[in-house]
Amino acid sequence: MKPKNSKDQKLSEAEEKEYLARIDYLSRYANDFIILLDDKFYFLETNKRVEEVYGYSHDELMKMKATDLRPPELRGLFLRQIDDAIKHGHALFETIHQKKDGSQFPVEINLHSIDIDGKRLYQAVIRDISARKRAEEALKQSEIRFRGFFENSMVGIFESTLEGKLTYVNSAFARILGYFSPEEMIESITNIVEQLFADPCQREGIKLWIQEKGKVENFEALLIKKDGSKIWASIYAILSKADDGKINYQGTIVDITERKRAEKLIEDSLQATKESAEALKAAVKAKSSFTAMVSHELRTPLAALRESTSQLLEGILGPINQEQKEYLEIAKRNIDRLNRLINEVLDFQRLEAGKMVFNMQDNDINEIVKECEKSMAIIAKNKKLDLVVSLNMNLPKVKFDHDKICQVIINLVNNALKGTEKGGITISTIQKDGFAEVSIKDTGIGIKSEDLPRLFQQYEQITRKAGGTGLGLAICRELVEAQGGKIWAESIFGQGTTMHFTLPVS
Amino acid sequence: MPKKILLVEDEKDLSTVTQMRLNKSGYDATVVVDSKGVFAVLEKNRPDLILLDLLLPGMQGGDICKQLKADERYKSIPIILFTASSCDLEKYAKEIGADEYVLKPYDPTELLGKIKKLIGLQTG
């Protein structure tokens, strides 16, 4: 219907021309394609966009009809799709259009019928929905992929209402809880916490957590499967907003029954180990105090014995005659022997227990050798044996425990003196391969080669001649080795023995 | 006046011979057998030195030493530990504040030497 001016008169030619131009401008640059069609769906008018995109000229378009824009295989669908426009005035549908050059693109068509002056016209607004279609496809692919993740996940995934009714579970969730299918489970569980939790404390616990924090993480709970058996699960759940704005819970569970079992095993064996350690500690402590007690019990009477004998011998309690003196000297000798034996045994015990304390200082080996030579000189003289030292004056200082090494040297020299009838003992010191080496050479009876390996073993005695406990050399070895050195013997049976020991140079 | 030594030792035979040794060496030695005895003597007859056995009935020698060394009145009295136990005595003596130690069975020269070093021989 042509418009009329304000005076409701017909428009002048100029006015009409302007009006037509405006109509053209209205639709010329619209992004969508706008087509006016007659009742047979032939094009009456098209906007500029149609020419630009489809590639047809205006003249060509004026000779075309709607189905011409479709690829041949889709033309048959036309009438069915526009049926609503014919019958009810409007139809919205999708199809594919083809440009003049043959390229195709998906479109959405909004078709309205216009009835005017008894004539039927159609207006079609056509929109290129390629981008939308691509987006839809991407979304679909994404959905397929993520659905795949959810469904194939080993982790149980769930969604529930705020009241705890399950709205979604993946297969893993159903399987973990022993149900045939997600559907079966969703039907059975109306309240997750009440129905699945075995422990009332955990039930309350998870409710409180969720209330306070709005989520739980790594919440470990004992859950009840469909068949009534129980499993341990680690639960993650969080309040979340669904697409429709509703708030629900989403989360995951992992079956940790095996882990719990392993943890219990570890805990149990840890407990067992702890108990063993306690028992061992107690035993060691008992032995320690036993040792301390033995030490005390042996040494106390010995102290009383030694002092009373010494004081008598010294004449502190009055003069003694020669016979009394000799007898008292017998007593003193044996007390000293007893003392030595007890010291040997207790020392060895301490060495074995690792409780021997070493006072490591930089010392001069030659000085110690000279000290020991002085102490043993009298015994050597009494036996008419030579006692000689041969010292390397360039020996550097060595770190060792003075008293312990004295003990070693005296022990070795003592053994040498006891086992030698004529000739003498030579103590020498040399430096060799980063060690200070002390050698004690005697001209005694020597040791058979088959006996050499047993020499330093505890309780071994090559000959009973020396008396004692057989611990002497074993103690020497412990003392030397504890300070980083080595000890060994060389011997030729019938000619003599040389004992060697080394200590590392600082 | 001879210096006074308090010998804390519960083994009678040993305390007999040790007291004899100390007295014959010019000191005035008293024997007590436990911590009760120690505190009783400290009150009435303050010693110049204490020879202290470690293994005692009741309160142990180590604790007695610690207590005396923590007490303003008595911490100046030198204490020599007197014991058969040999487990790192050096370190233990330092820990509890003892001034010296001798091992049983003791060498009388060593014992007397240590006493002399700490308190001399006579008061005068």
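Analyst: Helices (H or I, at least four residues) and strands (E, at least two) are DSSP runs, numbered from the N terminus. By that rule chain B has five helices and five strands. The model is predicted, with local features needing pLDDT of at least 70 and side-chain atom pairs counting only at pLDDT 80 or more, while totals for chains, interfaces and linings use all residues. Residues are numbered from 1 along each chain as its sequence is written, and chains are lettered from A and ligands numbered from 1 in the order in which they are written.

User: What pattern does chain B follow along the sequence, and how many helices and strands does chain A have?

Analyst: Chain B reads β-α-β-α-β-α-β-α-β-α. Chain A comes to 15 helices and 17 strands.

User: Why is A:Leu351 called buried?

Analyst: A residue is buried if 20 or more other C-beta atoms, placed from the backbone, lie within 10 Å of its own, exposed if 12 or fewer, and partly exposed in between. A:Leu351 has 20 C-beta neighbours inside 10 Å and therefore counts as buried. This residue is found in helix 12 (residues 322–352) of chain A. Buried residues make up 22% of the 506 residues in chain A and 36% of the 124 residues in chain B.

User: Which residues is A:Leu351 in contact with, leaving aside neighbours within four places in sequence?

Analyst: A contact requires the C-beta atoms of two residues, placed from the backbone, to lie within 7 Å. On that basis A:Leu351 is in contact with A:Met356, A:Ile475 and A:Glu478, its neighbours within four places being left aside. The C-alpha atoms of A:Leu351 and A:Ala482 are separated by 8.9 Å, although the two residues are 131 apart along the chain.

User: How many residues of chain B are in contact with chain A, and what kinds of residue are they?

Analyst: There are 18 residues of chain B in contact with 17 residues of chain A. Helix 1 (residues 12–24) of chain B gives the most to the chain B side, with seven residues. That side divides into nine nonpolar, three polar and six charged residues. Here Ala, Val, Leu, Ile, Met, Phe, Trp, Tyr, Cys and Pro count as nonpolar, Asp, Glu, Lys and Arg as charged, and the others, Gly among them, as polar.

User: What makes a group of residues a nonpolar core, and which residues have the most contacts inside the largest one?

Analyst: A nonpolar core is a set of buried Ala, Val, Leu, Ile, Met, Phe, Trp, Tyr and Cys residues joined through C-beta atoms within 7 Å. The largest has 35 residues, and B:Ile5, B:Val8, B:Leu51, B:Leu52, B:Ile79, B:Ile80 and B:Leu81 have the most contacts inside it. Helix 11 (257–314) of chain A is among the elements that give two or more residues to this core, and this helix gives the most, with five residues. Apart from this core lies another of 34 residues, among them A:Ile409 and A:Leu473.

User: How do you know which strands of chain B pair with strand 1 of chain B?

Analyst: Two strands pair if DSSP finds at least two bridges between them. Strand 1 and strand 2 of chain B are parallel and share five bridges, while four bridges join strand 1 to strand 3 of chain B, also in the parallel sense. One example is B:Lys4, which stands opposite B:Asp28 in strand 2 of chain B. Strand 1 of chain B is mostly covered, with four of its five residues buried.

User: Why is the unit of strand 1, helix 1 and strand 2 of chain B given a hand, and which hand is it?

Analyst: A crossover is right-handed if, with the strands pointing away from the viewer, the path from the first strand over the helix to the second runs clockwise. Strand 1, helix 1 and strand 2 of chain B make a right-handed β-α-β unit.

User: What makes strand 2 and strand 3 of chain A edge strands in their sheet?

Analyst: Their sheet is open, with five antiparallel strands in the order 2-1-5-4-3. Strand 2 (43–46) and strand 3 (90–98) of chain A each have a single partner strand, so one side of each is left without a neighbour in the sheet. Three bridges join strand 1 (residues 33–38) to strand 2 of chain A, and A:Leu36 has A:Glu45 as its bridge partner.
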